[in-house]
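Subject: A structure for you to look at

Hi there,

Here is the structure I promised to pass on.

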Amino acid sequence: MGKEIDLKETAEEKEIVKAEEDKLALAEKLKLKHQTRAIFFIEVESEDEPDKWLGAYFRKPNLKEYSYFTSLVEKNKIQALQDLMGKIFLEGDREILDDDDYFLSAMSQIESIVSVQASRIKKY
């Protein structure tokens with residue numbers, strides 16, 4: 001009986017590993033296709049099926065998109081994020097953009113995509 005559980009867990013683990021490998025492979029293809037250094041995969045839990053997750057791939061915004069986003073964010077942060085998410089969405093479950101609940105869940109993750117990386121300046 002213990003072996004059945006071990007085999008089932010192993011099959012589930014293999015399925016999870018395979019799914020992650022598939023996501024990584026698609027992310028690498030999207031990097032090449034869109035000539036970008038980073039691809040971000042956001043997952044949102046389905047309301048209808050608790051064990052199901054919706055996922056979508058996004059890229060980092062370019063300078064023009066980021067500039068437009070920052071001009072909108074002061075007036076209406078949610079509208080600014082909706083606009084930006086639509087522009088940087090590459091592939092996946094579009095419901096993440098179209099459904100209010102899924103969008104609100106993914107919104108906080110998008111904020112981390114638009115964060116500016118650290119830099120330094122030294123005066124000599």
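Let's start with the surface. The protein chain exposes about 9600 Å², and carbon and sulfur atoms supply 51% of that area. Keep in mind as you read that this is a predicted model.

Charges come next. I get 20 positive and 27 negative side chains in the protein chain, with the centres of the two sets 14 Å apart.

Now the overall layout. The protein chain has 5 helices and 3 strands, and going along the sequence they come in the pattern α-β-β-α-α-β-α-α. The chain is more spread out than a compact globule, because its radius of gyration is 19 Å, well over the 14 Å that the globule rule gives for 124 residues. If you put a box around the C-alpha atoms along the principal axes, it comes out at roughly 65 × 45 × 30 Å.

What about the inside? Buried residues account for 27% of the 124 residues in the protein chain. Also, if you take the contacts with a separation of 6 or more, 53% of them are between residues 24 or more positions apart.

Then there are the strands. Which strands does β2 pair with? One partner is strand β1 (residues 39-45), which runs antiparallel to β2 and is joined to it by 7 bridges. On that side, you can find Glu45 opposite Trp53 in β2. The other partner is strand β3 (residues 89-92), which pairs with β2 in the antiparallel sense over 3 bridges. Here Phe58 has Phe89 in β3 as its bridge partner.

So how enclosed is strand β2 (residues 53-59) by the rest of the structure? Largely, because 6 of its 7 residues are buried. One general point to remember while you turn the model around: in a regular strand, side chains alternate between the two faces of the sheet.

Is Glu65 buried or exposed? Its relative accessible area is 13%, and buried means under 20%, so Glu65 counts as buried. And what is Glu65 in contact with, once you leave aside its neighbours within four places in sequence? The answer is Arg59, Leu84, Lys87 and Ile88.

Key
Residues are numbered from 1 along each chain as its sequence is written. This is a predicted model: local features need pLDDT of at least 70, side-chain atom pairs count only at pLDDT 80 or more; totals for chains, interfaces and linings use all residues. Side-chain values use heavy atoms; hydrogens and water are left out. Helices (H or I, at least four residues) and strands (E, at least two) are DSSP runs, numbered from the N terminus. The radius of gyration is taken over C-alpha atoms; the globule rule is 2.2 Å times the number of residues to the power 0.38. Buried means under 20% relative accessible area, exposed over 50%, partly exposed in between (1.4 Å probe, protein chains only). Contact means heavy atoms within 4.5 Å. Accessible areas come from the Shrake-Rupley method with a 1.4 Å probe; for residues, only the protein chains shown count as cover. Lys and Arg count as positive and Asp and Glu as negative; His and the chain ends are not counted. The place of a charge is taken as NZ of Lys, CZ of Arg, CG of Asp or CD of Glu. Two strands pair if DSSP finds at least two bridges between them.
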